[in-house]
Amino acid sequence: MDRRFLAAALALGRSALGSTWPNPAVGAIVVNAGKAVGRGRTGWRGRPHAEPQALAMAGEKANGATLYVSLEPCAHHGATPPCTDSIVAAGVARVVTTMQDPDKRVAGRGLDRLRAAGIDVAAGSMTDEAGRAHAGYLMRQGHNRPHVTLKLAISADDAIGREGEPQVAVTAAAARRHVQALRARFDAILVGRSTVVADDPQLTCRLPGLLDWSPVRVILDSEGRLDGGRKVFDKAAPTWVFTADDAAHGVVPLPAEEMTTERTTQAGMSGEGADLQRVAVPRAEGGLDLAAVLKRLAGEGITRLLVEGGARAARSFLEADLVDEVMLFRSPVALGGQSVPALAGLPLSAVEASARFRRAARRSFGADTMTLYRRTA
């Protein structure tokens, strides 16, 4: 029974991915006499936490119950009171969780607090599943960068488009709808300047009901030459433009009536009024220092980053060894003509036959296939 309810708590937490950063997406389920009597998941931008929501739903039935939670409950005072206090006050008899929270303010203290209150604690179950569910949070805590997923849509002739042509639909509608929904599960989505110029994408979740779940849009524009009339500069979601710290140009501003208030970098990039931000980072060979970009994103709370284009950005992230997962959508249709190689000249064997990645899953979307590759170490 423990595994069943803990798996349900993990699934509940995963359903909040993309909306809880900088906090982990946690799920909690209160079970009394074998029945779920309360459930909760981490709220928007991390508040409220999952545990107090589940306990509030359970009410008096939390007394003597078991709480299943997908990560160690917090025991420190932050923007909210410690979850351990709520658990103890509710009279919970037992807590089952997956792993310790790596946050230095927690790191086992939550479990110790519960045990000290006489609560039976079982920790260490389903750690592999929890590691995948909390991959972004764990990466930010352990390595000071987001977890990076590279998404590629590739034709039968290993291309992502045609030279000099507007955006080409490589995959069919079913796969494209999946990608739209996928965006909502990430904190931020990244493309290079060339993709913005060639395709003028909006980079939002355009499926019904998901627009408000659109991720932060991150643009790599080393020289700061983009003009503000592009779709990525609308008000549908925040846009952060990364330029070189010695660039002679800045983003050409939006018309005054469309510009939103900008915050200073000292005040942070992720609060109210942060719809458009310019961020300077050091250069590296061929463009920007991608490690510095990721470090800055982590500093702003981003835990999960989707790299969606274009070919040069994909190649740069792979060559910098900064990719944790690759979602490779392959179409059976060849583009032909003057096609754009998927990885700007880097062979696809850098993913498909590399010892750095292993195939973890495969799924069909009509005639298109999606293969998921995960980093081996």
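## Lining of the second largest pocket

The lining of the second largest pocket comprises 13 nonpolar, seven polar and twelve charged residues. Nonpolar means Ala, Val, Leu, Ile, Met, Phe, Trp, Tyr, Cys and Pro; charged means Asp, Glu, Lys and Arg; the others, Gly among them, are polar. This is a predicted model, where local features need pLDDT of at least 70, side-chain atom pairs count only at pLDDT 80 or more, and totals for chains, interfaces and linings use all residues. Residues are numbered from 1 along each chain as its sequence is written, and side-chain values use heavy atoms, with hydrogens and water left out.

The volume of this pocket is about 940 Å³. It is lined by 32 residues, with R132, A135, H147, E325 and R374 closest to its centre. A pocket is an open set of points on a 1 Å grid over the protein atoms alone, with protein on both sides within 12 Å along at least five of seven lines; lining residues have an atom within 4 Å of a point. Points are joined across faces, edges and corners, and a volume is the space filled by probe spheres set on them.

## Elements around the pocket

Helix α6 gives the most to this lining, with five residues. Elements that each supply at least two include α5 (127-133), β6 (147-154) and β18 (368-375). Helices (H or I, at least four residues) and strands (E, at least two) are DSSP runs, numbered from the N terminus.

## Cavities

There are three cavities of 30 Å³ or more. In a cavity, a 1.4 Å probe fits but cannot get out. Helix α6 (residues 135-143) gives the most here, with three residues.
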